[in-house]
Amino acid sequence: MEDLVAYLPLLIQGLRLTLLLAVSTMLLGLVLGMLLALAKLSRHGWLARSAFVFTNFMRGIPEFLVLLMIYFGGTQVLDTALGPGVVNVSPWIAGLTALTLVFAAYASETIRGAYQSVPKGQIEAARAYGFSAWQAFRIVQLPQIWRLALPGIGNLWQGSLKDTALVSIVGLDDLMRKANQAAQTTRAPFTFYMAAALIFLVLTLLSMAIFTRLEKRASKSDRRT
Amino acid sequence: MAGDGPSAPREIPVALDVRSIRKSFGSHEVLKGISLAAREHDVVAILGSSGSGKSTFLRCINLLETPDGGEVRLKGELIRMRQRGGMLVPADMKQVDRIRSRLSMVFQQFNLWQHMTILENVTAAQIHVLGRDRKSAVEKAEAMLAKVGVADKRGHYPGQLSGGQQQRVAIARALAMDPEVMLFDEPTSALDPELVNEVLKVMRDLAAEGRTMLIVTHEMGFAREAASHMLFLHQGLVEDEGPPREIMANPNSERFRQFLSGSLK
Ligand SMILES: Nc1ncnc2c1ncn2[C@@H]1O[C@H](COP(=O)(O)OP(=O)(O)OP(=O)(O)O)[C@@H](O)[C@H]1O
Ligand SMILES: [Mg+2]
C-alpha cells in the first residue's frame with residue numbers, strides 16, 4: 001500500500017499520456033474515417049477500391065503487428081532512405097499512427113453505414129431550397145450521420161482506449177508502462193497491475209456513461225409522443 | 001400559355017418561362033422538348049400517366065436534374081448553362097442556388113429534415129440560405145405554421161407527426177422562403193386517403209391568394225377547381241393543354257380523353 005502511494009504520481013503521469021493518446025486517436029481517427037467513408041462512397045472507382053483495400057488490410061491484421069510495422073519497419077525505411085539515425089520514429093508517433101489507422105479503418109465502415117441511412121430525399125430538399133452542397137452536408141447529413149454512428153464510435157473508443165496499452169511495448173511512457181516499471185522495482189506486480197486495471201475500468205465505465213448521454217441527446221428526434 | 005394567347009391578359013408578367021426542355025436517361029428520352037410559361041398568379045396543373053416524365057420535368061426546372069437542352073427563366077433571369085464534355089452543366093452554381101431559393105419545392109415524400117424540430121425545419125433555409133436573423137426567421141416560421149394549421153407542433157419532430165401534418169409543415173417550409181413560384185410534385189400521393197383533404201385545402205387557399213404554382217397531381221377534382229391552366233404530358237411531349245374546364249370537357253387529344261376516363265372511373 002505504501003508502494004502504491006509512493007508510485008501514484010508516476011501512474012498519474014502515465015495516465016495522462018494514455019488519455020492524450022486515446023483522445024488524439026479518436027479525433028484523428030474520426031476525421032480520417034470520415035474521409036475514408038467518403039472515398040468508399042465516391043463515384044471514382046479507383047478511389048473507392050483503394051479505400052476498401054486499405055481498410056480491409058487494417059482490419060485484417062493484428063493491431064500489434066501494425067504498431068511493430070510502423071515503429072520498427074518505419075525506422076528501417078527511414079534509415080535506408082535518409083541514412084541511419086537521421087529521423088527516428090518515436091513511440092508516440094508510431095503509437096498514434098497505428099491506433100489512428102486502425103480506428104479510422106473501423107470507423108469508416110460505421111460512418112459509411114450511417115451515411116447511407118440518411119434518406120437521399122432530405123439532401124435533395126436541402127439542395128432544392130438553395131443549400132450549397134457543403135451546407136447540405138454540414139446541416140442535414142452530418143448531424144444524422146453522427147447520431148447513427150455514435151453507438152459504433154463509442155465501441156471503437158472503448159477498444160482503442162484499452163489498446164493504448166500495446167504502445168507501452170515500444171516504450172511509450174503510458175499508464176501500462178508505468179505500472180510495469182513500478183511492478184518490477186517494487187516486486188509487487190499484483191498491486192500495480194490491479195491498480196492499472198482499476199484505472200482502465202473506471203475510464204471505460206465513465207466513457208460508457210458519457211456516450212450513453214450523448215446518444216440520448218442525439219436521438220431526441222426518435223422519441224414518439 | 002406559351003406566347004401571348006388572346007385570353008391571357010398582357011399586363012401580367014411571366015413569372016416562370018421554361019422552353020424546350022429535353023432530358024434523357026441513357027437511351028431513354030423522357031422529355032422531348034417541353035415548354036411552359038406561367039404568369040404571376042397562374043396555377044398550372046401537370047398531368048400524365050405514371051412514367052410520363054412529370055417529376056423529371058419539375059426537377060429540370062430547379063435543376064435537381066440537369067436538362068440536356070432547353071432554357072429556364074425566372075422573372076426574366078436565365079439560368080446560365082454551359083457545355084462540358086458534350087453535356088450541359090450549370091455555368092454558375094451560386095446562381096442556381098439563388099434561383100432555387102426563389103422556387104420552393106414540395107415533395108411527394110415530404111422530405112422534412114428528421115433531426116430538426118418542426119420549427120427548425122421551417123427556419124433552417126431562411127437562416128442559412130436567405131441570411132435572415134434567427135428572430136425574424138422564427139417569426140416568419142410561426143406565422144407560416146399557423147397558416148397551415150400546425151402551429152402547436154413547433155417543438156415536435158417530423159417522425160411524431162401524421163403524413164398530412166408533415167406535408168403541411170413542408171408547405172410552411174416552402175412558404176417561409178417567400179417563393180416567387182412554388183413547385184409541387186404529387187403532394188398528396190403518399191398520404192392516406194383521409195389525410196388528402198387537409199393538404200388540398202391548404203393548397204386551395206394558396207391558389208386563392210394568387211400564389212404562382214406548378215402542381216403535378218393525380219387529384220382531378222382539385223386540378224379542375226384550383227388550376228388556371230392544365231398540361232397533359234405524354235411520351236415526353238405536351239399532348240394537350242388549356243384551361244382545365246375546357247380541355248377536360250373537350251379534350252383535343254384522344255390520349256387525354258382516355259386518361260380522363262381512366263382517372264374518373
Ligand atoms: N434518375 C433516373 N435514372 C433513370 N431513369 C429515370 C430517372 N428518373 C426517372 N427515370 C425514368 O424516367 C421516366 C419518367 O420518370 P418520372 O419520375 O419523371 O415520371 P412521372 O411522370 O413523375 O411518374 P409518376 O407518376 O410515377 O411519379 C420513367 O420511365 C423513369 O423510370
Ligand atoms: Mg413523379
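## Salt bridges in the model

A salt bridge is taken here as a side-chain nitrogen of Lys or Arg within 4 Å of a carboxyl oxygen of Asp or Glu. In this predicted model, that rule gives 25 salt bridges over all chains.

Arg127(A) belongs to helix H5 (residues 120-128) of chain A and Asp97(B) to helix H2 (residues 93-102) of chain B, so the pair joins two chains. Both partners are buried: Arg127(A) has a relative accessible area of 18%, and Asp97(B) has 12%.

## Pairs within chain B

In chain B, Lys75(B) and Glu40(B) form a salt bridge whose closest N and O atoms are 3.8 Å apart. Lys75(B) sits in the loop between strand E4 (69-74) and strand E5 (77-78), and Glu40(B) in the loop between strand E2 (28-39) and strand E3 (43-48), so the pair ties together parts that are 35 residues apart in sequence. Lys75(B) is partly exposed at 38% relative accessible area, and Glu40(B) is partly exposed at 22%. Through shared partners, salt bridges link Glu40(B), Lys75(B), Glu77(B), Arg98(B), Arg102(B) and Glu180(B) into one network.

Another salt bridge is formed by Arg211(B) and Glu209(B), with 3.1 Å between the closest N and O atoms. Glu209(B) is partly exposed, its relative accessible area being 41%.

## Helix H1 of chain A

Helix H1 of chain A covers residues 2-41, 40 residues in total. From first to last C-alpha this helix reaches 57 Å, close to the 58 Å expected at 1.5 Å a residue. H1(A) has a kink of about 50° at Leu8(A), shortly before the proline Pro9(A).

Methods. Residues are numbered from 1 along each chain as its sequence is written. Chains are lettered from A and ligands numbered from 1 in the order in which they are written. This is a predicted model: local features need pLDDT of at least 70, side-chain atom pairs count only at pLDDT 80 or more; totals for chains, interfaces and linings use all residues. Side-chain values use heavy atoms; hydrogens and water are left out. Helices (H or I, at least four residues) and strands (E, at least two) are DSSP runs, numbered from the N terminus. The expected span of a helix is 1.5 Å times one less than its number of residues. The bend at a residue is the angle between axes fitted to the seven residues ending there and the seven starting there. Buried means under 20% relative accessible area, exposed over 50%, partly exposed in between (1.4 Å probe, protein chains only).
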